[in-house]
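Colleague: Hey, I'm new to this one. Could you put it up on the screen and walk me through it?

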Amino acid sequence: MNSIYQEIGGEAAVDAAVAIFYKKILKDKRINNFFKDIDMKQQIAKQKSFLTMLFGGPSEYTGKDLRAGHSHLVKRGLNSDHFEAVIEHLTSTLEDLKVPNKIIEQIITTASSAKNDVLGI
């Protein structure tokens, strides 16, 4: 059985997804303020590594866990509406890349399951 990473096209697909995803995030006034003081080059590299790990690909992700990695954003007001906006952009990014619906559902289910950790609930 192939991993999601293999099914969506591996490194090239993750690279394309992260690039499109952050273009959408940075244009969205609901959430782009959380990225104003972020080194986007580093953020994109971390996100590629994290998604590769999440999708079952070869990853050397060494970043913080979700709760610790987002705690500073929660202190700045990150809430459920912001989380849902990110999920919305992840979904539309995967749709833009013509990822099969079955795989999008798997990815969104996994990403959505992290909501409590991201928000520190």
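Colleague: What pattern does the protein chain follow along the sequence?

Modeller: Reading along the sequence, you get α-α-α-α-α-α-α. This is a predicted model, by the way.

Colleague: How many helices and strands does the protein chain have?

Modeller: There are 7 helices and 0 strands in the protein chain.

Colleague: And how compact is the protein chain?

Modeller: Its radius of gyration is 14 Å, close to the 14 Å that the globule rule gives for 121 residues, so the protein chain is as compact as a globular protein of that length. Along the principal axes, the C-alpha atoms fill a box of roughly 40 × 25 × 25 Å.

Colleague: What share of the residues is buried?

Modeller: 39% of the 121 residues count as buried. As for contacts between residues at least 6 apart in sequence, 72% of them join residues at least 24 apart.

Colleague: OK, let's talk helix packing. At what angle do H2 and H5 pack?

Modeller: About 135°, with the axes 9 Å apart. H2 covers residues 10-27 and H5 covers residues 80-96. Angles over 145 degrees count as roughly antiparallel and 65 to 115 as roughly perpendicular, and H2 and H5 are therefore oblique to each other.

Colleague: Is that crossing left-handed or right-handed?

Modeller: Right-handed, as H2 passes H5.

Colleague: Which residues make the contact?

Modeller: From H2 you have Ala 17, Ile 20, Phe 21, Lys 24 and Ile 25. H5 brings in Val 86, His 89, Leu 90, Ser 92, Thr 93 and Asp 96. Sorted by class, the contact of H2 with H5 has 6 nonpolar, 3 polar and 2 charged residues.

Colleague: What about H2 and H3, how do they pack?

Modeller: H3 is residues 40-54, and H2 packs with H3 at about 130°, their axes 10 Å apart. That makes H2 oblique to H3. The crossing of H2 and H3 is right-handed.

Colleague: Which residues meet there?

Modeller: On the H2 side, Val 14, Asp 15, Val 18, Phe 21, Tyr 22 and Leu 26. They meet Met 40, Gln 43, Ile 44, Gln 47, Lys 48, Leu 51 and Thr 52 in H3. By class, the contact of H2 with H3 splits into 8 nonpolar, 3 polar and 2 charged residues. If you're keeping track of Phe 21, that residue is listed in the contact of H2 with H5 and also meets H3.

Colleague: Back to H5. How does H5 sit against H6?

Modeller: H6 is residues 101-112, and the axes of H5 and H6 come within 10 Å and cross at roughly 160°. That makes H5 roughly antiparallel to H6. H5 passes H6 in a right-handed crossing.

Colleague: And which residues are in that contact?

Modeller: H5 supplies Phe 83, Ile 87, Leu 90, Thr 91, Leu 94 and Glu 95, while H6 supplies Ile 104, Ile 107, Ile 108, Ala 111 and Ser 112. They divide into 8 nonpolar, 2 polar and 1 charged. Leu 90 is part of this contact and is also listed in the contact of H2 with H5.

Colleague: Can we zoom in on Thr 91? Buried or exposed?

Modeller: Thr 91, which lies in helix H5, is buried, with a relative accessible area of 19%; the cut-off for buried is under 20%. Leaving aside neighbours within four places in sequence, Thr 91 is in contact with Ile 104 and Ile 108.

Colleague: How far is Ser 80 from Leu 90?

Modeller: Their C-alpha atoms are separated by 15 Å, and the two residues are 10 apart along the chain.

Colleague: Last one: where is Leu 73?

Modeller: In helix H4, residues 66-75. Leu 73 is buried, with a relative accessible area of 11%. Residues up to four places away aside, Leu 73 touches Phe 34 and Leu 78.

Terms used. Residues numbered from 1 in each chain as written. Predicted model: local features only at pLDDT ≥ 70, side-chain atom pairs only at ≥ 80, totals over all residues. Heavy atoms only, no water. Axes fitted to C-alpha atoms, helices over the stretch in contact; angles between N-to-C directions. Helix = DSSP H or I, 4+ residues; strand = E, 2+ residues; numbered from the N terminus. Parallel < 35°, antiparallel > 145°, perpendicular 65-115°, else oblique. Left-handed = near helix turned anticlockwise from the far one by under 90°. Contact = heavy atoms within 4.5 Å. Nonpolar A, V, L, I, M, F, W, Y, C, P; charged D, E, K, R; others polar. Buried < 20%, exposed > 50% of the residue type's maximum accessible area, 1.4 Å probe, protein only. Rg over C-alpha atoms; globule rule 2.2 N^0.38 Å.
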